[in-house]
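Here is a short tour for anyone meeting this structure for the first time. Take a look at it, then read on.

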Amino acid sequence: GVRLRAAGVRQRFVGGAVAYQWCDKSAGELVRDAEKFAASDLLFMRTHPGSQPHEYLRRIRRDRFWKRGMRRLLLAHPELADLALAPLCALGERCDPAGRLRELAVRALLLRCGLHWLHTLVELSGRPAGEWMRDEVE
């Protein structure tokens, strides 16, 4: 996307487009993947300063102060988040795909993956978490 946009290719929304996604990985595998993606994403951000590979950083920067504080606390100890969220994620793997519990489990998995991604990004970059959560990141 970055090279195409730099070459002048315009991105646009196609309202009628349909996309399906199937994932046969466990929640644990997805969390490990998030950690691997952090290394690639950091390389991308260093290669393309001012670009970000996805919306996660922008989204957490808009979080309320208390949410950013909780995120920093959990980043220091991701194993605590895993203790609370892993059982929910495992439950979601066994639930009805359309059920409310499944929806809650997916949200827990997204939070867990995001925390592991950001924790790895902080460790590999050597920059404190607060810098990544501020509005301006170089």
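Let's start with one arginine: R58 is partly exposed, with a relative accessible area of 33%. Its side chain meets that of E55 in a salt bridge, at 2.6 Å from N to O. E55 is partly exposed too, at 43% relative accessible area. Keep in mind that this is a predicted model.

The structure holds 7 salt bridges, and the table shows some of them.

| Pair | N to O distance |
|---|---|
| R58 and E55 | 2.6 Å |
| R112 and D82 | 2.8 Å |
| R127 and E131 | 2.9 Å |

What does the pair R112 and D82 tie together? R112 lies in helix 6 and D82 in helix 5, so the pair links parts that are 30 residues apart in sequence. R112 counts as buried, at 10% relative accessibility. As for the last pair in the table, R127 is buried with a relative accessible area of 19%, while E131 is partly exposed at 24%.

D41, found in helix 2, is buried yet has no salt bridge.

Now for helix 5, which covers residues 78–93. Its 16 residues should span 22 Å at 1.5 Å a residue, and its end C-alpha atoms are 21 Å apart, which agrees. Helix 5 does bend, by about 40 degrees at L85, and a proline, P87, follows within four residues. The buried residues of helix 5 are P78, A81, D82, L85, C89 and G92. They pack against helix 2 (27–47), helix 4 (65–76) and helix 6 (100–125).

Helix 6 has 26 residues and reaches 37 Å from its first C-alpha to its last, close to the expected 38 Å. After helix 6 comes G126, whose phi is positive, near 75 degrees.

Stepping back, the chain comes to 7 helices and 0 strands. Its C-alpha atoms fill a box of roughly 45 × 40 × 25 Å along the principal axes. Of the 138 residues in the chain, 34% are buried. Among contacts between residues at least 6 apart in sequence, 60% join residues at least 24 apart. The chain exposes about 10000 Å², with carbon and sulfur atoms supplying 57% of it.

Key: Residues numbered from 1 in each chain as written. Predicted model: local features only at pLDDT ≥ 70, side-chain atom pairs only at ≥ 80, totals over all residues. Heavy atoms only, no water. Helix = DSSP H or I, 4+ residues; strand = E, 2+ residues; numbered from the N terminus. Expected span 1.5 Å × (residues − 1). Bend = angle between axes of the 7 residues up to and from the residue. Buried < 20%, exposed > 50% of the residue type's maximum accessible area, 1.4 Å probe, protein only. Contact = heavy atoms within 4.5 Å. Lys, Arg positive; Asp, Glu negative; His and termini not counted. Salt bridge = Lys/Arg side-chain N within 4 Å of Asp/Glu carboxyl O. Areas by Shrake-Rupley, 256 points an atom, 1.4 Å probe, with all protein chains shown as cover.
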